[in-house]
Amino acid sequence: MEYVVIVLLVLILILLVVLLTRKKDDSLMIERLGRFETDITKEVGSFKLDFSKDLRNDFERLNEKIEQKLNLINDKVNERIDQNFEKTNKTFNSIIERLSKIDEAQKKIDGLSSEIVSLQSVLTDKKTRGIFGEVNLNYILTSVFGEKNTGIYDIQHKMSNGFIADAILYAPSPLGTICIDSKFPLENYQKMTDKTLSKEQRDLALKQFKLDVKKHVDAISSKYIVLGETSNEAIMFLPAEAIFAEINAYHPDLIEYAYNKSVWITSPTTLMSTLTTISMILKNMERDKYAKVIHEELNKLSIEFAKYKERWDKLSRSIDTVSKDVKEIHITTQKITNRFNSINSVEVDKLTTKEK
């Protein structure tokens, strides 16, 4: 663009020169025009060369800047790719770790399922089911009161009537001695909750389940409530929370029946809470007993201190009397001393002169 402008300027100058010199000699004008053309050609060539150099330098600088920008962009892209790869790698490792944990959990679930199946096979037998309840009862008593704490509870205690209670609790009054029996009415409960059975079968199982519970309540009331040996109440321990929840939620008549027979129906959770409350009562009673002993000892100490104060007052009065006598003796001694000093200071010659 600048080259075209210069060319136009040159042409305008040429026209001006032609107009100014048209009256002169043509040969002189031609000579001058030749020299002017030569100069213009040189100037144009020099401009083209400088313009080419400047343009080349501009392109080189532009290429350098573009290359720098591209390098920066490349570095940023590589950095972002590295960061994303690191995050992706962490996510992938986390997924693998979670999958391994899920796989491990699945194995545990499978093992637990097999254990549940084996537990169900064990609980179908009445004898092993009774042992299961006794073990749970013993574990709860040990957890609350400590192991082999025979001062508070006893396991497999034989009553005076010949029956053996699963556990007996020596609770403080007004509760007194309470027997605990572990019962587990499972067969008919499983039938009444089995959705694969017909409604008639489940209703029949429900009636039999309620009869089983009442039968257990009657047995506990007759065997483990002994006048003069135990309190007038006993505890029926159900080691299955589901059965306890079923009775409390849908069969209040069973709760009332047990209440009339002086039998408490408990589950592992409620029995734990009851025993924990009794344990706190025992601890408070023990603390109160020691507090009473301390109070009695303080009263005795108070009496002894009163005697000590009386004797000290007597001694203080005796000391005051002795102190007063000592002061009076000291005064008398001082007077006698002064008298002796006065006698010793009398001059014998003056006494003889006075006698003459």
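The following legends describe close-up views of a predicted model.

Local features are reported only where pLDDT is at least 70, side-chain atom pairs count only at pLDDT 80 or more, and totals for chains, interfaces and linings use all residues of the predicted model. Residues are numbered from 1 along each chain as its sequence is written, and side-chain values use heavy atoms, with hydrogens and water left out.

**Figure 1. Overall architecture of the protein.** The protein has 9 helices and 5 strands; helices (H or I, at least four residues) and strands (E, at least two) are DSSP runs, numbered from the N terminus. Their order along the sequence is α-α-α-β-β-β-α-α-β-α-α-β-α-α. Of the 356 residues, 20% count as buried, where buried means under 20% relative accessible area, exposed means over 50%, and partly exposed lies in between (1.4 Å probe, protein chains only). The protein exposes about 26900 Å², of which carbon and sulfur atoms supply 59%; accessible areas come from the Shrake-Rupley method with a 1.4 Å probe, and for residues only the protein chains shown count as cover. Contact means heavy atoms within 4.5 Å. Among contacts between residues at least 6 apart in sequence, 62% join residues at least 24 apart.

**Figure 2. Nonpolar and positive surface patches.** Leu55, Phe59, Leu62, Ile66, Leu70, Ile73, Val77 and Ile81 make a nonpolar surface patch of about 730 Å². One of these residues, isoleucine 73, lies in helix H2 (residues 26–123). Lys307, Arg311, Lys314 and Arg317 form a positive surface patch, and arginine 317 is found in helix H8 (residues 268–344). Patches are made of residues with over 30% relative accessible area and no salt bridge; like charges are joined within 9 Å, and nonpolar side chains (Val, Leu, Ile, Met, Phe, Trp, Tyr) within 5 Å. Lys and Arg count as positive and Asp and Glu as negative, whereas His and the chain ends are not counted. The place of a charge is taken as NZ of Lys, CZ of Arg, CG of Asp or CD of Glu.

**Figure 3. Salt bridge between lysine 199 and aspartate 203.** The structure holds 3 salt bridges, each defined by a side-chain nitrogen of Lys or Arg within 4 Å of a carboxyl oxygen of Asp or Glu. In the pair formed by lysine 199 and aspartate 203, the closest N and O atoms are 3.0 Å apart. Both residues lie in helix H5, 4 residues apart, about one turn of the helix. Lysine 199 counts as exposed because its relative accessibility is 52%, whereas aspartate 203, at 33%, counts as partly exposed.

Figure 4. The side chains of aspartate 253 and lysine 210 meet in a salt bridge with an N to O distance of 2.7 Å. This pair links distant parts of the chain, with aspartate 253 in helix H7 and lysine 210 in helix H5, 43 residues apart. Aspartate 253 is partly exposed at 32% relative accessibility, and lysine 210 is partly exposed with a relative accessible area of 23%. A further salt bridge joins the side chains of aspartate 218 and lysine 261 (3.8 Å, N to O). Aspartate 218 lies in helix H5 and lysine 261 in the loop between H7 and S5, so this pair ties together parts that are 43 residues apart in sequence. Aspartate 218 has a relative accessible area of 28% and is therefore partly exposed; lysine 261, at 31%, is also partly exposed.

Figure 5. Histidine 216 is placed in helix H5 (residues 199–223) and counts as buried because its relative accessibility is 19%. Apart from neighbours within four places in sequence, histidine 216 is in contact with Lys183, Pro185 and Met236. Histidine 157 is placed in strand S1 and is buried, with a relative accessible area of 18%. Residues up to four places away in sequence being excluded, histidine 157 touches Phe163, Ile164, Ala165, Ile168 and Tyr170.

Figure 6. Although not a glycine, glutamine 156 has a positive phi of about 50°. Glutamine 156 is found in strand S1 and is partly exposed, with a relative accessible area of 38%. Serine 262, likewise not a glycine, has a positive phi of about 60°. Serine 262 lies in the loop between helix H7 (252–260) and strand S5 (263–266), and its relative accessible area of 26% makes it partly exposed.
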